[in-house]
Amino acid sequence: MKVPFLDLKAHHAPLLDKFDRAIRKVIESSAFAGGPFVERFEEEFAAYCDSQYAIGVGNGTDALWLALLALGIGAGDEVITVPNTFMATAEAITGCNARPVFVDVDENTFTMNPAELKKALTARTKAIIPVHLFGQPADMDPILEFARMHGLFVIEDAAQAHGAEYMGRQAGTLGDAGYKGRQAGTLGDAGCFSFYPGKNLGALGEAGAVVTNDAALQKKIRALRDHGQARKFYHTLFGWNCRMDGVQAAVLSIKLRYLEGGNLLRREHALQYNQAFAGIDEVATPFEANYARHVYHVYAIRVRERDEVRRRLEEQEIGCAVHYPIPIHLQEACRTLGYTAGSFPIAESLADEFLSLPMFPELTEEQIEYVARCVSEVVDVGALV
């Protein structure tokens, strides 16, 4: 059986007629950059997130960068984040001429360990960017409390967490889809989303958004994304061209209607994987914190000899991925930050062990059973020798 890591063709097939009609409307109205289709999606996404405002931008990196700029982060400032994330989190910080400062993560949730924040705090610290990795919210209560104590901004990197919920310290179990909580991205000063095609809510190209309840902040972000214009040809500040594409907004409005259903299917798939791996000590399955509703953008297990396991699975036509093989603090681009191997031992061990298995709404039970069986056989004691 062939099981792809991601199957966007299957995901998009039932929506093609809707896409055709929506894109035709964009073409007929010539509303290609910003405009009514972007405004409609912004209203819909803000309502979905239960946020006052959503600002559509060009991509998830723009969302992080503009949120930082709008909050006044600049040269000489430091922003605390985690090393086990995509490079964009750090790039947005350096794009403001600020310095990324890393803290290690919790071994179970893979998200920011709030107990580590005090070690990274300096007189230059201005903000914290917790990353809701793989679709699970970070432990926001202690992070927000720390930020309030020290007068810091909190920008949530929710690029992988569309529809994830933060329950505080009261939550249900993985099989319980009936509870509601605060949406990831709505707890800090701003929440930043990517709509890259493979995300739980993905465009047909690049797109992103910032959500916030701060009226002044959203106004500034709207100006920054459009060359600093408060209105056409009236520039109140220096900005950039980070507008959302009208075609992408029209597509996202359609796909937003299916996001919750897709997330529920992802959770069901994760439960099936978890049950299949129960009792197999060589496979560590994802942990869902009692404060979170995980939406499994990525289903990452931990295994020894990860690269060999991946190779053998690919021989059996099972698509796998690694998120992320080199933590940011060990990337060549970050050499001047002064970190070395061993600086963040948990993040580094995760980088060696993570293996992302196929995860998308259209997966079948048979495909999941096949993947789980093959993984179990490959990691069986002695099989990797």
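Predicted model: local features only at pLDDT ≥ 70, side-chain atom pairs only at ≥ 80, totals over all residues.
Begin by selecting the seven strands that form an open sheet, which follow one another in the order 1-9-8-5-4-2-3 with mixed pairing. At the edges you will find strand 1 (53-57) and strand 3 (99-102), each of which pairs on one side only. Ignoring direction, neighbouring strands of this sheet are turned by 25° against each other on average.

**The largest pocket.** Now select Phe86, Ser194, Tyr196, Lys199 and Tyr324, which, among the 25 residues lining the largest pocket, lie nearest its centre. The space in this pocket comes to about 470 Å³. To see which elements give two or more residues to its lining, show helix 4 (60-70), helix 5 (88-94) and strand 8 (190-194). The lining of the largest pocket divides into 11 nonpolar, 11 polar and three charged residues.

**The second largest pocket.** Move on to Arg222, Arg225, Asp226, Gln229 and Ala230, which lie nearest the centre of a pocket lined by 19 residues. Its volume is about 370 Å³. Helix 3 (36-49), helix 8 (215-224) and strand 10 (229-231) each supply at least two lining residues, and helix 8 gives the most, with four. Colouring this lining by class will show 10 charged residues beside five nonpolar and four polar ones.

**The largest cavity.** The structure holds four cavities of 30 Å³ or more, and the largest of them contains about 90 Å³ of space. To locate the largest cavity, select its lining residues, including His11, Asn200, Lys255, Tyr258, Arg266 and Pro361. Helix 10 (residues 259-277) contributes the largest share of this lining, namely four residues. By class, the lining of the largest cavity has five nonpolar, four polar and two charged residues.

**The cysteines.** Finally, display the cysteine side chains, bearing in mind that the structure holds zero disulfides. Start with Cys49, whose closest cysteine sulfur, in Cys192, is 12 Å away and therefore too far for a bond. Cys49 is buried, with a relative accessible area of 2%. Then select Cys320, which is in no disulfide and has the sulfur of Cys374 as its nearest cysteine sulfur, at 9.7 Å. Cys320 also counts as buried, at 8% relative accessibility.

Technical notes. Residues numbered from 1 in each chain as written. Heavy atoms only, no water. 1 Å grid on protein atoms, 1.4 Å probe; cavity = no way out; pocket = protein on both sides within 12 Å on 5 of 7 lines; lining within 4 Å. Points joined across faces, edges and corners; volume = space filled by probe spheres on them. Nonpolar A, V, L, I, M, F, W, Y, C, P; charged D, E, K, R; others polar. Disulfide = S-S within 2.5 Å. Buried < 20%, exposed > 50% of the residue type's maximum accessible area, 1.4 Å probe, protein only. Pairing = 2+ DSSP bridges. Axes fitted to C-alpha atoms, helices over the stretch in contact; angles between N-to-C directions.
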